[in-house]
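Okay, thanks for making time, everyone.

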Amino acid sequence: KEGGFPRTCVRNFSFYKTHRSYIVNMKFVRSFDTAIIKMKSAAGPDHLAYLARRRYADFKSTYIRYLE
């Protein structure tokens, strides 16, 4: 359990906790690098979310599994 929200629950529903303050819906991920995730926006510019350095490798593998 992380910050009152079970991390496994987040992953099971195509969501991922990328940082202490961010939960990202994999459906809207447009691109990412080691620090920032860009997400599609219905109107206007892309939304940005921070990606904690220690979570990059896990996020990358989780996102690849999501795409399969």
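Let me start with a question: which residues form one aromatic cluster here? Keep in mind that this is a predicted model. The answer is Y16, F32, Y56, F59, Y63 and Y66. We'll meet several of those again.

Let's do the sheet first. Three strands make an open sheet, running β3-β4-β5 in order, with antiparallel pairing. The edges belong to β3 (29–32) and β5 (47–50); each has a single partner strand, so one side of each has no neighbour in the sheet. From one strand to the next, the twist averages 25 degrees. If you zoom in on β4, residues 36–39, you'll find four bridges to β5, again antiparallel. Within that pairing, M39 sits opposite H47 of β5. Then there's helix α2, residues 56–67, which packs on the sheet and touches β3 and β4. The helix direction makes about 140 degrees with that of β3.

Now, what about the inside? The largest nonpolar core has ten residues: Y16, V24, M26, V29, I37, M39, A49, L51, F59 and Y63. Both β4 and α2 supply at least two residues each to this core. Take Y63: beyond its neighbours within four places in sequence, Y63 contacts M26, V29 and F32.

Y16 is another core member I like. You'll find Y16 in strand β1, residues 15–19. Is Y16 buried or exposed? Buried, because its relative accessibility is 0%. And Y16 has a polar side too: its side chain makes a 2.6 Å polar contact with the side chain of D58. Those two are 42 residues apart along the chain, and their C-alpha atoms are 9.9 Å apart.

Last topic, the aromatic pairs. How many turn up in the whole structure? Seven. One of them is Y22 with Y50: the ring centres are 5.7 Å apart and the planes meet at 75 degrees, so we call that edge-to-face. Y22 is in strand β2 and Y50 in strand β5, so this pair ties together parts that are 28 residues apart in sequence. Y22 is partly exposed at 27% relative accessibility, and Y50 is partly exposed at 48%.

Then there's F32 and Y56, a tilted pair, with 6.2 Å between centres and 55 degrees between planes. F32 comes from strand β3 and Y56 from helix α2, so here the parts tied together are 24 residues apart in sequence. F32 counts as partly exposed at 26%, and Y56 does as well at 24%.

Conventions. Residues are numbered from 1 along each chain as its sequence is written. This is a predicted model: local features need pLDDT of at least 70, side-chain atom pairs count only at pLDDT 80 or more; totals for chains, interfaces and linings use all residues. Side-chain values use heavy atoms; hydrogens and water are left out. Buried means under 20% relative accessible area, exposed over 50%, partly exposed in between (1.4 Å probe, protein chains only). A polar contact is a pair of N or O atoms within 3.5 Å; within protein, one must be able to donate a hydrogen and the other to accept it, and residues adjacent in sequence count only if both atoms are side-chain atoms. Two strands pair if DSSP finds at least two bridges between them. Axes are lines fitted to C-alpha atoms, for helices over the stretch in contact, and angles run from 0 to 180 degrees between N-to-C directions. Contact means heavy atoms within 4.5 Å. A nonpolar core is a set of buried Ala, Val, Leu, Ile, Met, Phe, Trp, Tyr and Cys residues joined through side-chain atoms within 4.5 Å. Rings of Phe, Tyr and Trp (its six-membered ring) pair if their centres lie within 6.5 Å; planes under 30 degrees apart count as stacked, over 60 as edge-to-face and the rest as tilted.
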